[in-house]
2 protein chains.
Amino acid sequence: MSLLVLGSIALDTVKTPIEEHADLLGGSASYAAVAASFFTPVKLVGIVGDDFPSEHIEFFKSRNVDLEGLQIVPGKTFRWSGEYMWDMNQRETRSVELNVFENFTPELPEAYRSSRFVLLGNIAPALQHHVLDQLIRPHFVIADTMDLWINIAKEELLSLIARVDMLILNDGEARELTGETSLIKAGRRIREMGPAFVAIKKGEHGCLLFGENQFFSCPAYPLEDIHDPTGAGDCFAGGLAGYLASRHLTDADLGEKKGVPFDMMRQAVVEGSVVASFNVESFSMDRLRKVTKEENSERYEIFRTLSRFEALDA
Amino acid sequence: MSLLVLGSIALDTVKTPIEEHADLLGGSASYAAVAASFFTPVKLVGIVGDDFPSEHIEFFKSRNVDLEGLQIVPGKTFRWSGEYMWDMNQRETRSVELNVFENFTPELPEAYRSSRFVLLGNIAPALQHHVLDQLIRPHFVIADTMDLWINIAKEELLSLIARVDMLILNDGEARELTGETSLIKAGRRIREMGPAFVAIKKGEHGCLLFGENQFFSCPAYPLEDIHDPTGAGDCFAGGLAGYLASRHLTDADLGEKKGVPFDMMRQAVVEGSVVASFNVESFSMDRLRKVTKEENSERYEIFRTLSRFEALDA
């Protein structure tokens, strides 16, 4: 099945201790859509200005990303600029120009409203609610978020969390949202707020997945060099959601109840981690443009061995 | 085979945001010896004063810990006092009284010199060297360390690292020792300094194991409540080393070459993690005193499932 992806589409300027690049394709929806496109057709919901390079439009099309939900309006595209510190774990936003994004109201084309799998990428909770309101009978809805919304739109975020099937956030955000220092407690607390699944991203330490009385600890791929962490979380969410959508080809595959089995979600978390691990190997989506199916399968197989210790010893 | 364990033996005062306890049995050798005793007989090398409670001596004996290498001298036992901050991840040392520890020179009894498996627990590198000098033909030597020695005895530590088969340290120490921010790079750099194996402990995030062209990411057990993290690292090292020693019953089991297979080390890392996960559930060694073989096996089985995603999906 196809996956509906909502989020920001941006032109980024990214500085690391080693390099700086300007006018890169970025934004939560861009990264998530491209990551999901490895698994399933994508319907993209977002907004850009009339300065948005046609090469990016062509790139989305080449990845089987449907653009009927993409608004192209007079004005400038959303721009973000950030700088990574020496350890690549800390980031400072240098500037944000909302531009056409400031008045964005995501209106779904008719064909999008019956989407069954939905990824509400990182964007204001009000816009995530607005998309959710237009969906006829979604089967599985994933929301991604960030600390900004915990700080300035907590009520809207909490009511959104209560409406979705899965929340994805990072470790600092999980602690901030719940006031719990233990990530294990934090994950369980967020589940109590509504979502059947919670994924807590821990960067270089991998990811924790919480389900009903079930838990999965996904290792991180052991990368020596990270060139640009931008979009890693969006790629994780996109890969995960795209994989889940790809596992359901017809309405019959959805089963009678909402939701997905925990075992399938485990695999989705690994697929998301694989795509994210490629993405940080270069700026923007440069590495994803080149990843082959074989490379993807190979890295998935490596994930199998990273934390396996059983039945290896004679 | 038995395991030789060197380290500190202390009476600890530990304060957490919730509780405070004084005069607890502590020290790197105490924790490591008790953890190792789940797997194999232990020979303890350390020093205490004549104020050391006889109940602790009896406890060691009850755990099959040989005390011929324990020096009991006139004076007071080493005392350490520390306080954990609200998130239980940060610790402040409140006071240290070296007492009899100040003039400790570990002399091995004759029967200890032929030990094949050795854990040089966290203690001054000069003392770790001194024990190593007295060993006749050790098969596998593991050293644990801490940031203090990186700061005040770096040269001695580096020469020790070059002499051992495995180094265990935490993530902050690995970064400090190598100047690398990536733990993957740091682990590989430390291997280049000599040890065939390096284990980097990451607390709530588990542990990374590096071998020759091999890598293992061990998850952390998902504990909701940590009552006292003191000694977790020592228990990890002790459990790991004790397990390795237990897998070699005779000299024939040692094989012709030094070292242990990577697959066996993976299991050792998990066994160490299991023991450490019990230990943080209460103060001092209170939880370890009660752990049954069944509880231990049960938690080992849970570790199997924590990060497993293969062959679970139909």
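**A tutorial on strands, a helix and a chain contact**

Modeller: In β3(B), B:His21 is the bridge partner of B:Val14. This is a predicted model, in which local features need pLDDT of at least 70, side-chain atom pairs count only at pLDDT 80 or more, and totals for chains, interfaces and linings use all residues. Residues are numbered from 1 along each chain as its sequence is written, while chains are lettered from A and ligands numbered from 1 in the order in which they are written.

Colleague: In which sense do β2 of chain B and β3(B) pair?

Modeller: Strands of a sheet pair through backbone hydrogen bonds, either parallel or antiparallel. Here strand β2 (residues 10-15) of chain B and β3(B) pair in the antiparallel sense over five bridges. Two strands count as paired if DSSP finds at least two bridges between them; strands (E, at least two residues) and helices (H or I, at least four) are DSSP runs, numbered from the N terminus.

Colleague: In what order do the four strands of the open sheet in chain B lie?

Modeller: The order is β3-β2-β7-β8 (chain B), with mixed pairing. At the edges are β3 (20-26) and β8 (91-97) of chain B, each of which pairs on one side only.

Colleague: Which residues of α7(B) are buried?

Modeller: An α-helix has 3.6 residues a turn, so residues three or four places apart point the same way. In α7(B), the buried residues (20 or more other C-beta atoms within 10 Å of their own, with C-beta atoms placed from the backbone) are B:Leu183, B:Ile184, B:Ala186, B:Gly187 and B:Ile190. Because they cover an arc of only 165° around the axis (taken from the directions from the helix axis to the C-beta atoms), they are on the same side of α7(B). Their cover includes β11 (166-170), α6 (171-178), β12 (197-201) and β13 (207-211) of chain B. Just after α7(B), B:Gly194 has a positive phi of about 145°.

Colleague: How many residues does the contact take from chain B and from chain A?

Modeller: The contact takes 31 residues from chain B and 31 residues from chain A, where two residues are in contact if their C-beta atoms, placed from the backbone, lie within 7 Å. On the side of chain B that touches chain A, α9(B) gives the largest share, five residues.

Note on methods. A residue is buried if 20 or more other C-beta atoms lie within 10 Å of its own, exposed if 12 or fewer, and partly exposed in between; C-beta atoms are placed from the backbone.
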